[in-house]
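This briefing is for a reader who has not seen the structure before. It goes through the contents by topic.

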Amino acid sequence: MKIKINNKDCKFEKGDTLIQVADRNGIHIPRFCYHDKLSIAANCRMCLVEQVGINKPQPACSTPAIENQEYFTKSELAMTAQKNTMELLLINHPLDCPVCDQAGMCELQDQALMHGRVKSRYEQEKRVVIDHNIGPLIKTNMTRCIHCTRCVRYGEEIAGIKEFGVIGRGESMEIRTYLTSAINSPMSGNMIDICPVGALNAAPSHMKGRTWELEEVKHISSHDCVGSNMSLHILDNNVFRVVPHENKKINEVWISDRDRFSYEAIDHNDRVKKPIAKINGRHTEVEWDQAFDIIKKRMSEIDANKSAGFISANSTVEEQYLFQKWLRENNIDNIDHRVSQSNFDHNDKDLMSKLDIPIKDIENSKSILLIDSNITYDQPILSHKIRKAFLKDAKINSIHTYNYKYNFDTNNSLLVNPNFLSETLIDIVEYLSVVTVNDKTLKNFNIPEGVKKNFKGLNNNSIIKISNDLLINNSLILLGSNLINHPEFQLFKVLTNIISILTKSHKGYIGEKSNETGAWLTGCYPSKNKNLNLDGKIGLNVYESIQEKLDLYIIYNLDLIDFYHYSELQESLDSAKLVIGFQSFVTEEDKHYYDIILPLATTYESPGTFINIENEWQSFVQGCTPHYTSKEGWKILTKLRLMQSTGVDKSLDYIDILNEVDSVVRNDTLHVKNNLDDFDVKKISSNKSLTRCGGKSSYYTDNIVRRAPSLNLVNSSTNLVSVNKKTLEQNNIDLSKNKVIVKQGQNTLLAELVIDENVSDDCVYIINSNKEHYDLGKQYQTIRIENV
Amino acid sequence: MFKNYIKSFFLYELLLGMKVTFLNMFKKKTTLNYPHEKAPQSPRFRGLHALRRYPSGEERCIGCKLCEAVCPALAITIDTEERNDGTRRTTKYDIDLFKCIFCGFCEEACPVDAIVETRIYEYHFEERGENILSKGDLLKIGDKFEDQITIDQSDKAQRL
């Protein structure tokens with residue numbers, strides 16, 4: 001089908017609006033309210049064009065293209081209409097471009113220049129709107145608002161959390177939060193990008209620079225497992241702000257607030273500025289060469305079998321590859337990245353975090369089961385995809401240990417105590433084994449005896465409903481990242497696998513780190529991976545390495561609180577002979593554990609590659625050169641390799657390493673072992689006592705995010721303990737007081753009490769969001785609660 | 001031949017040249033006795049820069065960086081920050097006089113008439129580094145010559 005725009009033949013499909021056809025054909029039509037990811041509002045009237053045969057101009061954004069019609073976007077009728085609209089919009093818009101942060105990238109500024117009148121005829125007073133504080137991330141200046149309602153529609157349609165609304169009409173029309181509360185959506189920052197004027201601006205970069213000074217560098221986010229594409233805007237070798245970069249396969253045009261504002265951590269006080277070595281028991285700043293010499297000398301004194309190295313799964317593939325290579329060249333086999341995993345049973349069936357289907361296909365799923373996943377806050381981009389599936393009438397079910405707030409509705413949700421989560425999953429397997437008994441395609445698959453012996457008859461109706469929904473074609477099971485701390489995590493993985501086989505559904509283990517796949521592929525775990533030419537010796541995993549109290553620990557890009565076995569680690573580090581840290585940030589309390597700390601560049605300052613949950617390789621260049629005297633990880637590791645081993649090519653540069661990693665790792669896919677015959681369910685905990693549960697705060701996930709000042713202002717009170725009323729009464733807690741004492745072993749914590757019916761019985765829900773929570777003890781352990 | 005001989009005998013060419021000299025002795029002088037006398041200046045004269053203040057004492061500059069952007073010689077360097085009262089102010093405003101070509105674009109770009117070029121053209125530097133005028137220097141120049149700047153600015157506005 002064809003139409004003519006400005007005498008140019010344009011093809012279109014049924015249902016296309018005029019503005020879509022024009023955009024595809026490179027014909028510019030001015031617009032404010034229209035955004036191709038949002039619904040059509042047609043309230044700004046800027047896109048008026050002439051349709052031949054109709055004597056009134058038509059809004060291009062809401063006019064459907066009609067076969068063989070002729071349209072003109074620059075005829076006199078259209079131009080006059082656009083000019084008049086622009087004049088109307090500018091009546092109340094302040095002329096404060098010189099102080100506005102948006103100036104230079106402002107749609108109103110550009111279009112006023114192209115489509116507006118030269119001079120204003122309006123001489124009366126302009127309208128002033130009072131600003132409300134909507135939180136630490138977005139700076140408002142609502143006088144500049146032109147009421148396009150993009151932000152309102154964004155909240156309703158994309159973020160799924162209705163926070164902004166239109167209040168009043170005509171002159172008193174105003175866009176604001178309903179109850180002057182702060183914006184709470186984990187993707188609120190995108191409102192800054194879609195606002196065509198300077199009404200909503202990023203608060204952290206407010207008034208610190210001008211748009212035309214910035215240099216744009218494409219980058220990949222390092223804070224969640226999807227690897228959102230983003231652009232760093234660099235000003236004077238500092239990251240000035242972060243904006244999304246369109247990638248239709250992954251993040252479309254959105255990024256989460258965590259990816260957007262975590263750059264602020266780069267110059268945090270904890271940043272390691274120079275190499276630090278402990279000389280005569282005192283930390284001294286040393287030069288790089290000196291630090292390398294100390295490492296070489298002292299590492300040679302220590303038995304390689306009594307050494308271990310831990311690397312963050314947030315490091316780039318290149319760093320991970322070089323790290324394990326460096327250690328293995330020094331005969332150190334105790335390498336691991338699974339620092340937040342609590343339990344390593346069923347290790348031979350270990351599966352990396354991974355999604356069976358591409359991220360963009362999540363929205364086409366017909367049924368989704370979330371297993372204890374706070375996905376809206378932990379993985380906002382994945383949550384957005386699930387929301388899209390929900391809007392396409394997918395059935396979303398959730399089994400969880402806390403009634404998480406989602407930005408979509410769930411069909412059935414089942415609240416269980418974390419100690420009984422595995423039993424719930426076994427119940428599902430039991431029901432499915434009955435339902436699928438006649439399924440011939442499952443003839444070759446036997447449910448392991450270890451699982452079968454735990455079958456105990458079904459009595460829960462919602463389990464049947466949830467299981468039935470999974471039997472729909474094209475279903476998906478997602479295992480949440482919080483569970484990595486759970487002692488039965490490996491069991492959950494295997495059970496999820498069994499359920500996905502029985503229901504022929506896709507499955508995904510959502511990792512909390514950006515490059516877990518990379519860490520698996522590069523061999524940053526005790527392994528005998530053939531591609532890496534290892535001799536078959538399997539080292540110790542994190543837990544064993546910590547328990548063995550070794551002599552040398554090497555910690556790469558991790559805070560100590562990243563370790564699940566945090567308290568044991570502290571003891572082991574105290575007794576170790578040498579502790580080497582490759583760190584961007586070290587807190588004052590952690591510093592004394594280290595003998596040598598090498599300042600490491602953050603991901604913003606170094607090039608690298610991240611492999612996301614769908615096995616997509618995404619490389620990026622450095623946004624700015626490393627601050628202070630820190631160096632990129634690949635440089636430090638290459639230098640150490642050159643110093644300590646012979647046979648390493650001296651002329652190694654980044655491209656060589658990239659090629660090496662590419663040739664060794666790229667074609668390697670870890671085989672998922674489906675041999676489940678000898679699998680046995682080992683019940684780890686089924687105690688009826690009070691259990692601590694809850695994951696990490698989404699703004700406390702890694703060493704960069706937890707140091708970003710603005711993000712950490714979003715949650716005003718972090719020292720909260722949530723318990724439901726029944727449990728409180730059973731434990732004789734005085735409900736009238738708003739403080740309680742929680743105890744784990746010897747440790748106690750005084751915290752604010754929240755009576756919250758979203759917590760399951762016999763649970764104390766604490767979101768780890770400050771260091772005291774880690775000092776208190778581990779998740780999913782017995783906890784006591786007492787009156788003040 | 002004889003004619004040339006007579007001409008050179010009576011120093012005819014010399015007298016011809018001296019005629020110009022003697023005639024100029026009685027003409028009005030075109031030079032000035034600098035530094036005791038100075039040439040007149042246009043109100044649009046583009047000399048040393050100054051930053052102006054409002055009569056209340058508040059500095060005019062809002063740190064919009066338009067002058068920095070327009071400067072063809074890249075002589076201006078600005079850093080800004082949000083002040084406690086919520087307005088953006090410069091923390092650094094440097095003009096490198098070695099780079100500056102005195103084109104006056106900065107003056108033209110300024111939306112608040114903060115940066116102006118004064119009539120001052122007599123200055124010198126003794127040390128390297130003195131060629132860079134900092135924000136304080138510029139404000140001092142502005143304060144000192146504000147009366148003249150005000151007159152010149154209003155004059156310019158009338159001639160637009």
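Met18(B) is partly exposed, with a relative accessible area of 32%. This value, like the others here, comes from a predicted model. The residue Met18(B) belongs to helix 2 (residues 12–25) of chain B.

**Surface patch on chain B**
- Met18(B) is one of the residues of a nonpolar surface patch, along with Leu11(B), Leu14(B), Phe22(B), Met25(B) and Phe26(B).
- Together the residues of this patch have about 670 Å² of accessible area.

**Outline of chain B**
- Chain B has 6 helices and 5 strands.
- Read from the N terminus, the order of these elements is α-α-β-α-β-β-α-β-β-α-α.
- Chain B is more spread out than a compact globule, because its radius of gyration is 25 Å, well over the 15 Å given by the globule rule for 160 residues.
- The C-alpha trace of chain B spans about 95 × 35 × 30 Å along its principal axes.
- Of the 160 residues in chain B, 33% are buried.

**Aromatic pairs and clusters**
- Over all chains, the whole structure contains 20 aromatic pairs.
- One pair is Tyr154(A) with Trp254(A): the ring centres are 5.1 Å apart and the planes are at 55°, so the pair is tilted.
- Tyr154(A) is in helix 4 (residues 150–159) of chain A, while Trp254(A) is in the loop between strand 12 (238–244) and helix 6 (257–261), so the pair ties together parts that are 100 residues apart in sequence.
- Tyr154(A) is buried, at a relative accessible area of 0%, and Trp254(A) is buried as well, at 1%.
- Another pair, Tyr700(A) with Tyr774(A), is stacked, with 6.2 Å from centre to centre and 25° between the planes.
- Tyr700(A) is in the loop between strand 27 (691–693) and helix 21 (709–714) of chain A, and Tyr774(A) is in helix 23 (residues 771–776), so this pair ties together parts that are 74 residues apart in sequence.
- Both Tyr700(A) and Tyr774(A) are buried.
- One aromatic cluster consists of Tyr402(A), Tyr404(A), Tyr406(A), Phe408(A) and Tyr765(A).

**Charges over rings**
- The charged end of Arg706(A) sits over the ring of Tyr700(A), at 5.0 Å from the ring centre.
- Arg271(A) lies over the face of Phe585(A), 5.9 Å from the ring centre.

**Salt bridges**
- The count of salt bridges over all chains is 48.
- Arg706(A) also forms a salt bridge with Asp559(A), at 2.8 Å from N to O.
- Arg706(A) is in the loop between strand 27 and helix 21 of chain A and Asp559(A) is in the loop between strand 22 and helix 17, so the pair ties together parts that are 147 residues apart in sequence.
- Arg706(A) and Asp559(A) are both buried.
- In chain B, the side chains of Asp143(B) and Arg53(B) form a salt bridge of 3.1 Å, N to O.
- Asp143(B) is in helix 5 (residues 135–144) of chain B and Arg53(B) is in the loop between strand 1 and helix 3, so the pair ties together parts that are 90 residues apart in sequence.
- Asp143(B) is partly exposed at 41% relative accessibility, and Arg53(B) is partly exposed at 28%.
- Salt bridges with shared partners join Lys37(A), Glu252(A), Glu363(A), Lys385(A), Lys388(A) and Lys392(A) into one network.

**Backbone features**
- Tyr34(B) and Pro35(B) are joined by a cis peptide bond, with omega about 5°.
- Pro35(B) is in the loop between helix 2 and strand 1 (49–51) of chain B.
- Asp393(A) is not a glycine, yet its phi is positive, near 70°.
- Asp393(A) is in the loop between helix 10 (380–391) and strand 18 (395–400) of chain A, and is exposed at a relative accessible area of 67%.
- Leu74(B), also not a glycine, has a positive phi of about 50°.
- Leu74(B) is in the loop between helix 3 (66–70) and strand 2 (76–82) of chain B, and counts as exposed at 60% relative accessibility.

Terms used
Residues are numbered from 1 along each chain as its sequence is written. Chains are lettered from A and ligands numbered from 1 in the order in which they are written. This is a predicted model: local features need pLDDT of at least 70, side-chain atom pairs count only at pLDDT 80 or more; totals for chains, interfaces and linings use all residues. Side-chain values use heavy atoms; hydrogens and water are left out. Patches are made of residues with over 30% relative accessible area and no salt bridge: like charges are joined within 9 Å, nonpolar side chains (Val, Leu, Ile, Met, Phe, Trp, Tyr) within 5 Å. Accessible areas come from the Shrake-Rupley method with a 1.4 Å probe; for residues, only the protein chains shown count as cover. A salt bridge is a side-chain nitrogen of Lys or Arg within 4 Å of a carboxyl oxygen of Asp or Glu. Helices (H or I, at least four residues) and strands (E, at least two) are DSSP runs, numbered from the N terminus. Buried means under 20% relative accessible area, exposed over 50%, partly exposed in between (1.4 Å probe, protein chains only). Rings of Phe, Tyr and Trp (its six-membered ring) pair if their centres lie within 6.5 Å; planes under 30 degrees apart count as stacked, over 60 as edge-to-face and the rest as tilted. A charge sits over a ring if NZ of Lys or CZ of Arg is within 6 Å of the ring centre and within 35 degrees of the ring normal. The radius of gyration is taken over C-alpha atoms; the globule rule is 2.2 Å times the number of residues to the power 0.38.
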